[in-house]
Amino acid sequence: MNQKINSATNETLVQNTKALAQKEREITLEVLDHLREISRRKIYLPLGYGSLFEFTVKELGYSAGSAFRRIEAMKLLSELPEVESKVKTGKITLTNLALVQTTVKEQKKNGVTITSAEKKDWIEKVVHQSTREAERTLGRLIAEKTGVAQIRPVKTIRFEITEELAD
């Protein structure tokens, strides 16, 4: 462990950690900007990757979940760049941004259009919420929009069934 950290006062340690968290959010936004440009230019294709997701996992070393969240957040920020300030200040997490974007995509598949104004409203409603709270909030907003009595988030695990067992 870093000797400087061990000898820091509690107050200094907390202040330094807050400053590092702020830098981390700023760097994350820079990574998203770079991913947006890599996606726009399709730079991943000549590198042998079939998708930005594959590039982000294999070339950049992100886990599948981290790559997915970054790409989804990047897409939402591309449409609503004014939301960047909420990420920079820590008002909204990358996870919740990705959750809003994923929810919008799922609704589109179901034939429900979510406008940019609604997306902004949804983002405002999940500011400072945990992921679980944001899931419930988005479920309630979808129910209101679609007229469905209740929607609740459900996590699923997917398996692939093959004909024979591998040795």
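Which residues of helix α7 (residues 116-125) are buried? In this predicted model, they are Lys119, Trp122 and Ile123. Buried means a relative accessible area under 20%, exposed means over 50%, and partly exposed lies in between, with a 1.4 Å probe and protein chains only. Seen down the axis of α7, these residues fall within an arc of 100 degrees, so they line one face of the helix. The arc is that of the directions from the helix axis to the C-beta atoms. An α-helix has 3.6 residues a turn, so residues three or four places apart point the same way. The buried residues of α7 pack against α4, α5 (84-88), α6 and α8 (131-146). Contact here means heavy atoms within 4.5 Å.

Residues are numbered from 1 along each chain as its sequence is written, and side-chain values use heavy atoms, without hydrogens and water. In this predicted model, local features need pLDDT of at least 70 and side-chain atom pairs count only at pLDDT 80 or more, while totals for chains, interfaces and linings use all residues.

The chain holds eight helices and zero strands. From the N terminus on, its elements run α-α-α-α-α-α-α-α. Helices (H or I, at least four residues) and strands (E, at least two) are DSSP runs, numbered from the N terminus. The chain has 167 residues, and buried residues make up 30% of them. Among contacts with a separation of 6 or more, 57% join residues 24 or more positions apart. The accessible surface comes to about 11600 Å². Carbon and sulfur atoms account for 52% of that surface. Accessible areas come from the Shrake-Rupley method with a 1.4 Å probe; for residues, only the protein chains shown count as cover.

Two packed helices are described by the angle between their axes and the distance between the axes. Helix α2 (residues 10-41) packs with helix α4 (residues 64-79) at an angle of about 80 degrees. Their axes are 9 Å apart. The two helices are therefore roughly perpendicular to each other. Axes are lines fitted to C-alpha atoms, for helices over the stretch in contact, and angles run from 0 to 180 degrees between N-to-C directions. Angles under 35 degrees count as roughly parallel, over 145 as roughly antiparallel, 65 to 115 as roughly perpendicular and the rest as oblique. On the α2 side, the contact is made by Leu29, Leu32, Leu35, Arg36 and Ser39. On the α4 side, Arg70, Ala73, Met74, Leu77 and Ser78 take part. These residues divide into six nonpolar, two polar and two charged. Ala, Val, Leu, Ile, Met, Phe, Trp, Tyr, Cys and Pro count as nonpolar, Asp, Glu, Lys and Arg as charged, and the others, Gly among them, as polar.

Helix α6 (residues 94-109) contains Thr103. Thr103 is buried, with a relative accessible area of 7%. Residues up to four places away in sequence aside, Thr103 touches Trp122, Leu138 and Ile142. Gln101 also lies in α6. At 9% relative accessibility, Gln101 counts as buried. With residues up to four places away in sequence left out, Gln101 touches Glu72, Lys75 and Leu76.

Tyr44 sits in the loop between α2 and α3 (52-58). Tyr44 is buried, with a relative accessible area of 9%. Beyond residues up to four places away in sequence, Tyr44 touches Ile38, Ser39, Tyr49, Gly50, Ser51, Leu52 and Phe55. Tyr44 and Phe55 are eleven residues apart along the chain, and their C-alpha atoms are separated by 6.0 Å. The loop between α2 and α3 also holds Lys42. Lys42 is partly exposed, with a relative accessible area of 43%.

Most residues other than glycine have a negative phi, and most peptide bonds are trans. Phi of Lys42 is positive, near 55 degrees. His128, in the loop between α7 and α8, has a positive phi near 60 degrees. At 61% relative accessibility, His128 counts as exposed.

Glu24 lies in helix α2. At 54% relative accessibility, Glu24 counts as exposed. Glu24 and Lys88 are 64 residues apart in sequence. In space, Glu24 and Lys88 are 9.0 Å apart, C-alpha to C-alpha.
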